[in-house]
Amino acid sequence: MDRHTIQTRPRQQLLDHSSGQKSKPEPTFDFTQNTNVTALIGKTAYLTCRVRNLGDKTVSWVRHRDIHILTAGAYTYTSDQRFQALHKQNTGHNNEWSEWTLCIKWAQERDQGIYECQISTIPVKSHQFRLNVVVPTATILGGPELYVGAGSTINLTCAIHFSSEPPAYIFWYYNKNVLSYDSPRGGVSVITEKGGDVTTSWLLIQTAQPSDSGEYSCKPSNANTASIRVHVLNGESLLLRVLARRRFTS
């Protein structure tokens with residue numbers, strides 16, 4: 001190797017060559033991860049940051065809205081005891097991957113926003129995550145108003161979304177009063193189906209009459225109240241109503 005070749009090499013290559021050591025790979029993030037995380041209110045939220053080739057660097061979690069350092073390595077730096085740092089043992093062929101999780105217990109709406117996973121390189125490397133905190137929500141399909149013909153069946157469907165567990169109960173109201181299923185009127189029934197993500201309650205009122213018109217509300221134990229106004233019309237009135245709506249929308 002001639003002198004000219006040695007002099008034209010970058011300084012770092014000369015240092016690496018003279019020491020006989022390979023330069024360490026720079027830490028990097030796993031950019032294939034989902035960075036849009038949704039948690040249910042009152043439950044635990046997990047933001048997991050995967051880092052490759054961390055070496056002797058440190059991973060920190062920072063809340064973006066107030067630039068508050070929440071965790072650094074396995075340590076937590078906040079008086080809010082809902083926050084906790086979790087670390088998983090290294091994985092990969094050469095143990096090059098490490099996971100650093102920000103755990104937020106009893107997530108609240110105020111917790112939603114941007115969080116940054118940072119590596120203590122110079123300059124600092126950061127990777128942003130968005131936390132969404134959702135609240136169980138009840139809706140009645142077909143609202144806010146429903147028109148049915150006299151003599152038909154009123155079929156109201158109340159769906160409860162974003163609930164980590166089915167509601168303990170679902171009450172139906174008619175004009176602000178709890179609906180009685182064994183009233184002298186008769187023909188009133190409720191069917192409830194509890195699913196993993198959605199709980200659905202159907203209110204069925206057979207042989208509807210104009211006196212059944214009014215506001216119907218669905219109130220789950222763990223969500224908001226959803227309402228709909230029902231109009232029971234005779235055949236001629238219903239036909240006129242349908243024709244009027246067609247003219248309005250055309």
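Strands β18 (residues 214-220) and β19 run antiparallel and are joined by five bridges. Two strands are taken as paired if DSSP finds at least two bridges between them; strands (E, at least two residues) are DSSP runs, numbered from the N terminus. The model is predicted: local features need pLDDT of at least 70, side-chain atom pairs count only at pLDDT 80 or more, and totals for chains, interfaces and linings use all residues. Residues are numbered from 1 along each chain as its sequence is written, and side-chain values use heavy atoms, with hydrogens and water left out.

**Strand pairing around β19**

**Disulfides**

A disulfide is a covalent bond between the sulfur atoms of two cysteines. The criterion applied is a pair of cysteine sulfur atoms within 2.5 Å, and by this rule the count comes to two. The values for each link are tabulated below.

| Disulfide | S to S distance | Angle about the S-S bond |
|---|---|---|
| C49 to C117 | 2.1 Å | -85°, left-handed |
| C158 to C218 | 2.1 Å | -70°, left-handed |

With the bonded cysteines of the protein chain numbered in sequence order, the pairing reads 1-2, 3-4.

The disulfide of C49 and C117 has a sulfur separation of 2.1 Å. Because C49 lies in strand β3 (residues 45-52) and C117 in strand β9 (residues 113-119), this pair ties together parts that are 68 residues apart in sequence. Both C49 and C117 are buried, where buried means under 20% relative accessible area, exposed over 50%, and partly exposed in between (1.4 Å probe, protein chains only).

The other link, between C158 and C218, is left-handed at -70° about the S-S bond. Since C158 belongs to strand β13 (residues 154-161) and C218 to strand β18, the pair ties together parts that are 60 residues apart in sequence. C158 has a relative accessibility of 0% and therefore counts as buried; C218 is likewise buried, with a relative accessible area of 0%.

C103 counts as buried because its relative accessibility is 3%.

Conventions
Helix = DSSP H or I, 4+ residues; strand = E, 2+ residues; numbered from the N terminus.
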